[in-house]
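Hi,

Here is the structure I promised to pass on to you. Please have it open while you read, and my notes follow below it.

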Amino acid sequence: MIRRRQLIGSLPAAAALLATLPAGAATPDDLSAPPPAGPPRAVTVPPLHESRLDNGVNVVVAPRRGLPLVSAWLLVRVGAETDPLDRAGRADMLAALLTQGARRDGRAVSAPELARQAEALGGSLSASSGWRATSLGMTVTTPRLDAALSLMSDVLRQPTLAADELDRLRVQAVDALKVSNSDPGSIASRVARRLYWGGSAYGGVSTEQTLQRLRRDDLQALHAQGFRPEDTLLVLAGDLTPERGLALAQQHLGSWRPSRIAPLARRDGRPAPLAPRTVLVNLPGVGQSSVTVLAPFTSLAPDDVAELRIGQVANAVLGGGYSARLNQEVRIKRGLSYGVGTSAEQHAEGGLWEASAQTDHRNAAQVAELLRAQVLGLATTPPTADELAARQATLVGGFARRLDTNAGIASLITARWASGRPLSELDRFVQEVLAVTPGQVQEFARRRWPASDLRTVVVGDFSAAPEVFDALAAADASTLRLQAGELDFGGPGLQQAAAR
C-alpha cells in the first residue's frame, strides 16, 4: 500500500513534466527512440612534455589528472627486424625472457617472485616485441609509481636470461607454431610476408628450426648491443606532473651508462619481392581456404605524412569496418565469408597492405577475384562523399578512444617514437585525416595498387576443390604451387632447397 500511494502521488508531477516537453520529444509511447545526438566533442591530445636525460634516455610525460593512475612504458629500439633470417624469433624470445628473471638489489629474482612483486603493486608487468621496438609496460596507482619504475628498470637493464627459462619458453613457442601450422590464415600471413619482403629485415618468419637455433648467448648479445640508454624511451601517462615524471626518470634510469659495445648492425629493410605473383599452398584436411591479396603501401619517410594519411583512409574505405567495400562485396552481398580483414604496416623503407578472408574451398577463386577487383576498382571509382565521411569517422573515432585512457595515450606515443616520427603529428592527425579527398584516395590507388603489383596467396585443401585451385594456377603463369610441408622460411625464399 505504501508503494502504491507513492506511485499515485507521483502522477500529477509526472503529468506536469510531460506537459513541459517540446513537441516531438520522447514520451512513454516511444521510449525506444534513441536520444538525439549531442554536439561533437573536439579531439584533444593532452600536452606532451619531452625531455632527455644526460645519458640519452628519452622521457615523455603526458599529465592526465582525474584518476590516481599512471601507465608507464619503457621502449627500446630493438625489434624483429634485427633478427638474422636463420634465427627469426630472437627479439620476441628476448622480450618474453625479460619478465622471467632479473637481478634486483644484488640478487637474482625468479619469474614467480617478479610476478608477485608486480602484483603487490596492484598491476602486472607485460613485455612484448614487434617491429623496431621491445617494450615493458605497467599501470599502477600514483603512489606506487616509484616502486613500479624500480621494478621495470631492473627487468629492462638486468634480466638474467636464464637458460632453463629459455628452454621452457622455446617449448611453448614451438608448440604454438605447430598449432598455427594447421591454420590456413596463419600460413597465408607468413607466406605473404615472405612473398613481399623476401629476405630483407621485414621478411623474417619464425619457425621451429629458427627457434631451436637460439642460444642464451644470442639473447645476451642482443641485449648487450641493442639495449642502450640513447635508444630507450620512458613514457608516463596519467596522474603526475612533468617535473615529477622527470625526477622519477632520473632516479631510476639516470645511472644507466652508455654502452661501449658496438651497436647492432641494422639489416636492409627494403622490400625484395619474390618472383611469383600467386602462391597456392596445399594444406590437406583443413576445413576452409584462406585468401590473401597483398600490395605495396606507403612508407614512414619523414616527408611522406600526407601520403600516409591518404593511404590510411584508402585502407579504411576498403576494410575499415562492417560497411567497408570488401566486407560489403564478400560477406554482405554474397555470404562467401564471415568477414574480410585488412591491415597495413609501414616502415622507413616501404610498407605492406593486405586483405584476407576465409571461405569454402570451392569459393577461393571467386573471393580472390573479388578482393582484387575491389582494390583495383578504387582507382576508377573513388569513394562518395558519404562513404568517405563514414570511413574518416572510424579513423578519428578510433584515435579519440585511445586518448580516453592512460594506456591508450602511451601507446600512441610509443608507436610514433618507435617509428621515428615526431610526437607533434598527434596534434594534426584528425585534421589531416579529415582533409583527405575522394580524388586523393583514387589517385593513391591508381599509383600504389596497379594490377601488376598485386599478389595473391591461397592456402587450402587442393583435393577439396581441385578445379578451383587449377583455375587459380592457370590464371597466372608465375603461380607457385607448394605443399605446406615444403615451406621453408629459414632462407630468403619459400621452399626447401631440395624441393625447388
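In which hand of crossing does α11 pass α12? The crossing is right-handed; by definition, a crossing is right-handed if the near helix is turned clockwise from the far one by less than a right angle, and left-handed if anticlockwise. Helices here are DSSP runs of H or I with at least four residues, strands are runs of E with at least two, and both are numbered from the N terminus.

Before going further, a word on the source: this is a predicted model, where local features need pLDDT of at least 70 and side-chain atom pairs count only at pLDDT 80 or more, while totals for chains, interfaces and linings use all residues. Residues are numbered from 1 along each chain as its sequence is written, and side-chain values use heavy atoms, leaving out hydrogens and water.

Back to that helix pair. Helix α11 covers residues 325–332 and helix α12 residues 364–377, and they pack at an angle of about 155° with their axes 10 Å apart. Axes are lines fitted to C-alpha atoms, for helices over the stretch in contact, and angles run from 0 to 180 degrees between N-to-C directions. From α11, the residues R325, L326, E329 and V330 meet V367, L370, L371, Q374 and G377 of α12; contact means heavy atoms within 4.5 Å. Five of the residues in this contact are nonpolar, two are polar and two are charged. In this scheme Ala, Val, Leu, Ile, Met, Phe, Trp, Tyr, Cys and Pro are nonpolar, Asp, Glu, Lys and Arg are charged, and the others, Gly among them, are polar.

In α17 (residues 466–474), the buried residues are V468, F469, L472 and A473; buried means under 20% relative accessible area, exposed over 50%, and partly exposed in between, with a 1.4 Å probe and protein chains only. They cover an arc of only 135° around the axis, which puts them on the same side of α17 (the arc is that of the directions from the helix axis to the C-beta atoms). The buried residues of α17 pack against α12 and the strands β9 (278–282), β10 (289–297), β13 (455–460) and β14 (480–483).

What does H361 touch beyond its neighbours within four places in sequence? Its contacts include V286, G287, Q288 and S289, and also V468 and F469. H361 sits in the loop between β12 (350–359) and α12, and is buried at a relative accessible area of 6%.

Two loop residues other than glycine have a positive phi. D105, at about 55°, lies between β4 (101–104) and β5 (107–110) and is exposed, with a relative accessible area of 78%. R132, near 75°, lies between β6 (126–130) and β7 (133–141) but is buried, at 17%.

For the overall picture, the protein chain has 17 helices and 14 strands. Of its 500 residues, 49% are buried, and the C-alpha atoms fill a box of roughly 90 × 65 × 55 Å along the principal axes.

Best wishes
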